Amino acid sequence: MDLDRTSPGPQVPLEPDELLDLDRRHVWHPYGPMPGRTAPLVVESAAGVRLRLAEEFCGRRELVDGMSSWWSAVHGYNHPVLNEAAHTQLERMSHVMFGGLTHEPAVRLAKRLVDIAPEGLEHVFLADSGSVSVEVAVKMCLQYWRSRGRGAKQRLMTWRGGYHGDTWQPMSVCDPEGGMHELWSGVLPRQVFADAPPSGFEAAPDENYVRHLHETVGRHADELAAVIVEPVVQGAGGMRFHSPAYVRALREACDEHDVLLVLDEIATGFGRTGALFAAEHAGVTPDVMCLGKALTGGYLTLAAALCTPRVAEGISRGEVPVLAHGPTFMGNPLATAVADASVGLLLEGDWAGEVRRIENGLREGLAPAAELPGVTDVRVLGAIGVLQLGHDVDMAAAARAAASSGVWLRPFRDMVYAMPPYVTSDEDVSAICSAMLAAASEG
Ligand SMILES: *Cc1c(COP(=O)(O)O)cnc(C)c1O
């Protein structure tokens, strides 16, 4: 047999129509029906902040990405440094199991994360996705209390309006109303919900709300393993910003009542809100912190749950002294090598200046939206811009309006929002703002 091992033979490219037909019939998309009802755009390649489409859409073949592929592609696409990290690692090994084996990319990444995370987080559990890292965080907390002979502490508290992922434990702490998981309210573990935090990053903290947080933690302390929230920005639950004072209040309440605090920084981590981690706005160290999304610069799926020695030692002193969790692809060398390069690239560059520049561009470009009929709020924090509408957005019409302005946006529920890659030029930020205004007017 004459097998040429370096080439699988020429692949016949799929015609766009054929591709879309197969996609519709066989491939689930996020929160989508099967078969699909609306045709997605086919992306051929991406570089910098631009997505290149297989076919023209609304007169455009290229779109500026206003979404960073769901907060992840902070350095833009096809970045030479990240490509190089991936190539180099690929030639060594793309994967080996993590049980009984270790490797440099995972160790380097863990050390780097510990170095930059809020003081006191020293141990890193690498997971495959954000949702899984939340599962691990919850397991850590429940096991901590069980190990300490307080097995009744197995519920979670959060505030309304949050989003923590799509697997079971994360779903149970997502906003219980109008959110993506309402269907399962009778089936999910029943958690404790405080009211949603009052809006406004710079708003003076509401003393009544702070008291409400303290009371809710206090009332349920005997059954609470942990409080879990997104600090400062609630992302997929509604893109709302709140005062860091409420995160501090939760830290104090948790300390007072012997409850652990988990901060989900999967969306906010790596500079998005103007601080490297949103917990820094509050000057708080959580007991467990979840990271994901921008961790690999949007190249590969990877997440992490970091914890303090108190949590790790608590677990280790228990009857079952190990954390029984070990995904097949835990610590994947390719993903950890790219993540290490991506975090390195971020830290070497002026990420804070870039985020501030984008923040200013969004503030200026979105200001006129306050005059638009149907827009009830315009808010910007770091490299996040949101137009709140008084009605549910027509997603297809809004996406078309944005694309006509040369920008890819994916509005949802009652808002049009953007979180551009940090490398987005002023000109492209301004195009994103125009596209958001167009989407808000026509969606
Ligand atoms: C996206 C997100 C998750 C879930 O991460 P996946 O990688 O999609 O599983 C969890 N928490 C927050 C805050 C997120 O934004």
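Visitor: At what angle do helix H4 and H11 pack?
Guide: About 35 degrees, with their axes 8 Å apart. H4 covers residues 104-116, and H11 covers residues 333-348. Axes are lines fitted to C-alpha atoms, for helices over the stretch in contact, and angles run from 0 to 180 degrees between N-to-C directions. Helices (H or I, at least four residues) and strands (E, at least two) are DSSP runs, numbered from the N terminus. This is a predicted model: local features need pLDDT of at least 70, side-chain atom pairs count only at pLDDT 80 or more, and totals for chains, interfaces and linings use all residues. Residues are numbered from 1 along each chain as its sequence is written, and side-chain values use heavy atoms, without hydrogens and water.

Visitor: Is the crossing of H4 and H11 left-handed or right-handed?
Guide: Left-handed. That term applies if the near helix is turned anticlockwise from the far one by less than a right angle; clockwise is right-handed.

Visitor: Which residues make the contact?
Guide: From H4, they include Leu109, Arg112 and Ile116. From H11, Ala339, Asp340 and Val343 are among them. Contact means heavy atoms within 4.5 Å. By class, there are nine nonpolar, two polar and three charged residues. Ala, Val, Leu, Ile, Met, Phe, Trp, Tyr, Cys and Pro count as nonpolar, Asp, Glu, Lys and Arg as charged, and the others, Gly among them, as polar.

Visitor: What does Ser342 touch?
Guide: His75, Leu82, Ala294, Leu295, Thr296 and Gly297, leaving out residues up to four places away in sequence.

Visitor: New topic. How many bridges join strand S2 to strand S3?
Guide: Four, and the strands run antiparallel. Strands pair if DSSP finds at least two bridges between them. Arg50 sits opposite Val64 of S3. The hairpin has two residues between the strands, and Cys58 there takes a positive phi near 50 degrees.

Visitor: In which sense do S3 and S15 pair?
Guide: Parallel, over two bridges. Asp65 faces Trp408 in S15.

Visitor: Last one. How do H7 and H8 cross?
Guide: At roughly 30 degrees, with axes that come within 9 Å. So H7 is roughly parallel to H8. Under 35 degrees counts as roughly parallel, over 145 as roughly antiparallel, 65 to 115 as roughly perpendicular, and the rest as oblique. The crossing of H7 and H8 is right-handed.
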